[in-house]
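Biologist: I am new to this structure and would like to learn how to read it. Could we go through it feature by feature?

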Amino acid sequence: MNNKQKKKLRRIVVALAVFAVLEVLAVAGVFESLPYGLWIEFAAFLVPYLIAGYDVLRRAWHGIAHRQPFDENLLMSIATIGAFALVFFPDAEPHMAEGAAVMLFYQVGALFESYAVGKTRKSIADMMDIAPDYANVMQGGELMQVDPADVAVGDEIVVKVGERVPLDGVVVSGRSQLDTSALTGESVPRVVGEGASVASGCVNMTGVLTIRTTSAFENSTVSRILELVENASEKKARTENFISRFARVYTPVVVGLALAIAVFSPLAFGLPISESVKSALIFLVVSCPCALVISVPLSFFGGIGAASRSGILVKGSSYLEALAQVDTVAFDKTGTLTNGTFGVVAVHAGEGVDRDLLLSFAAHAEAYSDHPIALSVVASYAGTIDREKIAEVEEHGGQGVSARVDSHRVLIGNDALMRAEDIDVRNCHLVGTILHVAVDGEYLGHIIIADMMKDDAKEAIDGLHAAGVKKTVMLTGDREQAAAAVAAELGVDEYRAQLMPQDKVAQVEALLESHDGNGKVAFVGDGINDAPVLMRADVGIAMGGMGSDAAIEAADIVLMNDKPSQIARAIRIARKTLSIVKQNIVFALAVKVVIMILALPMIGIATMWLAVFGDVGVSVLAILNAMRCLRVRK
Amino acid sequence: MRKAFKLDGEICANCAGKIQAGIEKLPGVNKASVNAMTLKFTLDAEDGAFDEALETSLKLFADIEPDCEVLV
């Protein structure tokens with residue numbers, strides 16, 4: 001609790017004590033026995049009323065003086081002053097105690113409300129507390145703590161165990177494990193050594209690292225993320241805008257209705273004025289739209305906070321809203337569903353041939369090449385390469401390599417290379433680049449090299465279908481055959497192959513057009529050429545770790561850990577947030593309307609107490625419900 | 001010139017919106033944002049007009065939400 005809240009709490013306690021004493025006296029009939037008892041009682045109850053509510057009255061007056069009258073302070077002031085004023089109607093029961101009690105209760109609710117909002121704000125702020133406070137720089141042989149903003153690009157900084165990496169950079173010396181969970185939501189630590197690039201915001205867990213910075217503070221990962229998330233609440237969701245517009249119309253309308261009831265029902269139905277005034281006051285109390293005005297933005301903010309804790313950055317609540325309605329997801333293939341790097345996907349050894357022997361020959365023959373395909377073959381070989389054994393390496397441009405390994409002549413390459421040497425090859429059902437391997441003129445088998453699927457690519461597509469996404473489409477510039485193979489393996493509903501970058505925009509536009517109803521189209525990509533598509537789709541989702549800056553800039557949502565399976569999680573968070581928002585809107589309006597109906601003078605069963613519940617009670621419940629948005633299911 | 005200020009005390013989204021709209025109408029102001037969730041007020045105004053715009057902004061805060069103080 002902050003100071004203002006503590007002060008308010010003390011005031012409420014004092015007012016409550018005074019009120020309790022007066023209430024006991026009133027029930028015991030003390031006031032009735034005194035001369036002018038009613039007036040003494042009136043004056044006495046004004047004391048706790050003013051102690052508890054003087055600030056409400058003051059702000060109501062402030063609002064009128066500055067021509068911004070329609071707020072909750074005015075409504076509460078009119079209602080409570082009205083309750084006291086009923087004493088001037090000779091036929092009405094006195095309501096002074098009720099007037100004071102309503103103000104007290106209202107203040108208790110308001111205090112709780114501000115406490116809950118503050119708490120939520122703080123937990124979201126803590127979640128995003130990834131900004132480093134200082135950087136350690138060597139100055140004159142001593143380690144000094146300086147402001148990260150003062151460190152120049154290319155300076156060396158030292159990150160000790162338990163500290164946050166303050167700036168992006170490359171490790172110059174040291175080995176350690178980094179906790180990247182604040183950035184990516186990934187709980188498995190990342191091992192880094194010399195030459196590895198590290199992002200600011202990670203926590204150094206096991207060893208001291210010396211890092212040469214590669215960016216200034218204002219361009220570092222941390223600053224960019226913080227800026228993104230802080231600006232997120234500016235792009236307001238339609239629901240949010242609707243609520244603030246609604247609040248502006250709703251309050252004057254209810255005040256008008258209250259006036260109409262107070263004036264017309266005695267004239268039209270001959271009901272006593274005191275009854276109609278009481279109804280009007282109840283109308284005023286329930287008319288406050290705070291439950292909505294506070295809880296709706298709070299829900300969205302909580303949803304964005306929860307998403308960013310999972311490494312999903314949402315650039316505005318409007319995108320969270322659109323994401324909840326997504327029923328078609330289009331993917332770029334390379335870099336999104338696949339890693340975008342070549343790897344050995346299969347080794348098919350001929351009959352009687354040892355698989356490891358085949359790989360060993362291939363890895364040795366390719367050891368001197370720096371072609372990506374050669375590198376991936378070498379990388380997949382578990383043993384060590386003995387360079388002494390290798391001789392007479394010869395590259396056959398675009399076809400393959402031949403070399404002498406030990407005393408054997410190894411030939412490795414495509415169909416054409418094998419044909420040139422009159423070696424029969426077997427073809428393969430797998431799609432990718434085929435490397436045939438022959439030793440001493442004899443065919444041993446082949447190795448298939450392809451772009452590696454991300455580990456969770458299949459899970460991503462299944463998750464989307466499970467989340468109720470109707471259609472998944474893969475868009476790729478790749479060959480038809482390769483696309484078909486990936487599509488079939490992942491279970492993607494449709495695919496389009498051999499697309500030029502501009503074709504992707506057209507494809508997404510076609511998806512947008514063929515779409516009926518409220519469903520939205522999301523596009524997931526990572527490359528520079530995906531940027532226009534990301535802009536065009538209803539929701540653009542970029543891979544933040546490996547994605548190009550242009551893609552991250554153009555996207556509405558950024559996945560920090562590059563995992564496509566996060567999309568389904570993002571959709572779940574968005575849907576949960578939206579459903580909480582809807583629950584709050586329906587609940588608050590329903591309670592208020594019911595209380596208004598019960599308060600109509602011809603029904604007249606609603607009390608002032610019920611009305612205060614309809615105002616602060618509903619607000620508190622709505623805020624508690626909104627706080628659920630913060631919780632993430634792991 | 002662009003400068004960010006922290007806010008002390010509560011402010012509802014509604015008042016924040018009113019204040020922001022009011023500030024954005026001031027002469028020399030390029031962009032203003034009053035963020036009720038992060039309790040942050042950012043003012044982006046021409047160098048020459050900044051001080052005056054800031055002063056008027058503070059008055060707007062005091063008028064519309066007297067409980068919310070801008071920490072200058």
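This is a predicted model: local features need pLDDT of at least 70, side-chain atom pairs count only at pLDDT 80 or more; totals for chains, interfaces and linings use all residues.

Biologist: Which residues of helix 16 of chain A are buried?

Modeller: A residue is buried if 20 or more other C-beta atoms lie within 10 Å of its own, exposed if 12 or fewer, and partly exposed in between, with C-beta atoms placed from the backbone. In helix 16 (residues 480–490) of chain A, the buried residues are Ala483(A), Val486(A), Ala487(A) and Leu490(A). Their directions fall within an arc of 100° seen down the helix axis, so these residues line one face of the helix. That arc is the one of the directions from the helix axis to the C-beta atoms. The face turned away from the buried side carries the exposed residues Gln481(A) and Ala488(A).

Biologist: What covers the buried residues of helix 16 of chain A?

Modeller: Contact is judged by C-beta atoms, placed from the backbone, that lie within 7 Å. The cover of helix 16 of chain A includes strand 17 (442–453), helix 15 (457–466), strand 18 (471–475) and strand 19 of chain A.

Biologist: What is the order of the strands in the open sheet of seven strands?

Modeller: Two strands pair if DSSP finds at least two bridges between them. Here the order is 10-22-21-20-11-18-19 in chain A, with mixed pairing. Strand 10 (312–314) and strand 19 (494–496) of chain A are the edge strands, each pairing on one side only. From one strand to the next, the twist averages 20°.

Biologist: How many bridges join strand 11 of chain A and strand 20 of chain A?

Modeller: Five bridges join them, in the parallel sense. Thr328(A) stands opposite Val521(A) in strand 20 of chain A. On to strand 21 of chain A, strand 20 of chain A has four bridges, again running parallel, and Ala522(A) stands opposite Val539(A) there. Strand 21 (residues 539–543) of chain A is in turn joined by three bridges to strand 22 (residues 557–559) of chain A, also parallel. Met543(A) has Leu559(A) as its bridge partner in strand 22 of chain A.

Biologist: Why is strand 20 of chain A described as largely enclosed?

Modeller: Five of its six residues are buried, so strand 20 of chain A is largely enclosed by the rest of the structure.

Biologist: Which strands does helix 20 of chain A lie across?

Modeller: Axes are lines fitted to C-alpha atoms, for helices over the stretch in contact, and angles run from 0 to 180 degrees between N-to-C directions. Helix 20 (residues 566–599) of chain A lies across strand 10, strand 11, strand 20, strand 21 and strand 22 of chain A, at about 50° to strand 10 of chain A.

Biologist: What is the pairing in the open sheet of six strands?

Modeller: The pairing is antiparallel, and the order is 2-1-3-9-4-7 in chain A. Its edge strands are strand 2 (142–146) and strand 7 (197–198) of chain A. Strand 1 (residues 135–139) of chain A is joined to strand 2 of chain A by five bridges, and Met138(A) has Leu143(A) as its bridge partner in strand 2 of chain A.

Biologist: How many residues does each chain give to the contact between chain A and chain B?

Modeller: Chain A gives 17 residues and chain B gives 15 residues. On the side of chain A, helix 10 gives the most, with four residues.

Biologist: Is Ser123(A) buried or partly exposed?

Modeller: Ser123(A) is partly exposed, because it has 13 C-beta neighbours inside 10 Å. Ser123(A) lies in helix 5 of chain A.

Note on methods:
Residues are numbered from 1 along each chain as its sequence is written. Chains are lettered from A and ligands numbered from 1 in the order in which they are written. Helices (H or I, at least four residues) and strands (E, at least two) are DSSP runs, numbered from the N terminus. Two residues are in contact if their C-beta atoms, placed from the backbone, lie within 7 Å.
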